[in-house]
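The following exercises ask the student to examine a protein chain step by step. Each task is followed by a worked solution.

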Amino acid sequence: MIRLRHRASSGEERPWTLREVVQGHPLGHPSHPMFVHFPVAYYIAVLAFDLLTRLHPDAGLVFAGTLLVLGAFMGSAFAVTTGLVDWFQMVAGSKKRRKATQHMLLQLSMFVLFVVALVL
């Protein structure tokens, strides 16, 4: 259930802050995992379509793959935004932040590879 207002333990209510909304507090769970499914699925589909065009050259597959890359980039905008908000809230030097930094660098590398593939 989506809570429209934040209720403190003292009983007072206030509107959610933008940071709290982006982190998923009104939903009761983090929002970053919600946004990663579509970009991941789109990137996998792009790879599959690319492999299929090697077996059977088809302009329709190339066009569909291009649209999927663009959709993945748009979906990634939400995942990146929510991930960065979570990352900035982590304790500097913690194991959790180091793992999140590795995750971020891996995702950035993959993004660059897909941008290069789209340009080519």
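**Exercise 1.** Determine whether Asp50 is buried, partly exposed or exposed, and identify its salt-bridge partner.

*Solution.* Step 1: recall the classes. A residue is buried under 20% relative accessible area, exposed over 50%, and partly exposed in between, with a 1.4 Å probe and protein chains only. Step 2: apply them. Asp50 has a relative accessible area of 35% and is therefore partly exposed. Step 3: find the partner. A salt bridge requires a side-chain nitrogen of Lys or Arg within 4 Å of a carboxyl oxygen of Asp or Glu. Step 4: consider the partner. Arg54 has 62% relative accessibility, so this residue counts as exposed. Step 5: locate the pair. Asp50 and Arg54 are separated by about one helical turn because they are 4 residues apart in helix 3. Helices (H or I, at least four residues) and strands (E, at least two) are DSSP runs, numbered from the N terminus.

The model is predicted: local features need pLDDT of at least 70, side-chain atom pairs count only at pLDDT 80 or more, and totals for chains, interfaces and linings use all residues. Residues are numbered from 1 along each chain as its sequence is written, and side-chain values use heavy atoms, with hydrogens and water left out.

**Exercise 2.** State how many salt bridges a search of the whole structure finds, and describe the one that involves Arg14.

*Solution.* Step 1: the search gives 2 salt bridges. Step 2: Arg14 pairs with Glu20 through their side chains, at 2.8 Å from N to O. Arg14, at 29% relative accessible area, is partly exposed, whereas Glu20, at 10%, is buried.

**Exercise 3.** Classify Thr53 as buried or exposed, and list its contacts beyond the neighbours within four places in sequence.

*Solution.* Step 1: Thr53 is found in helix 3. Step 2: a relative accessible area of 12% makes Thr53 buried. Step 3: with those neighbours left aside, Thr53 is in contact with Asp58, Leu61 and Val62.

**Exercise 4.** Describe the overall organisation of the protein chain.

*Solution.* Step 1: the chain contains 5 helices and 2 strands. Step 2: from the N terminus on, the order is β-β-α-α-α-α-α. Step 3: the C-alpha trace spans about 65 × 35 × 20 Å along its principal axes. Step 4: of the 120 residues in the chain, 23% are buried.

Methods: Contact = heavy atoms within 4.5 Å.
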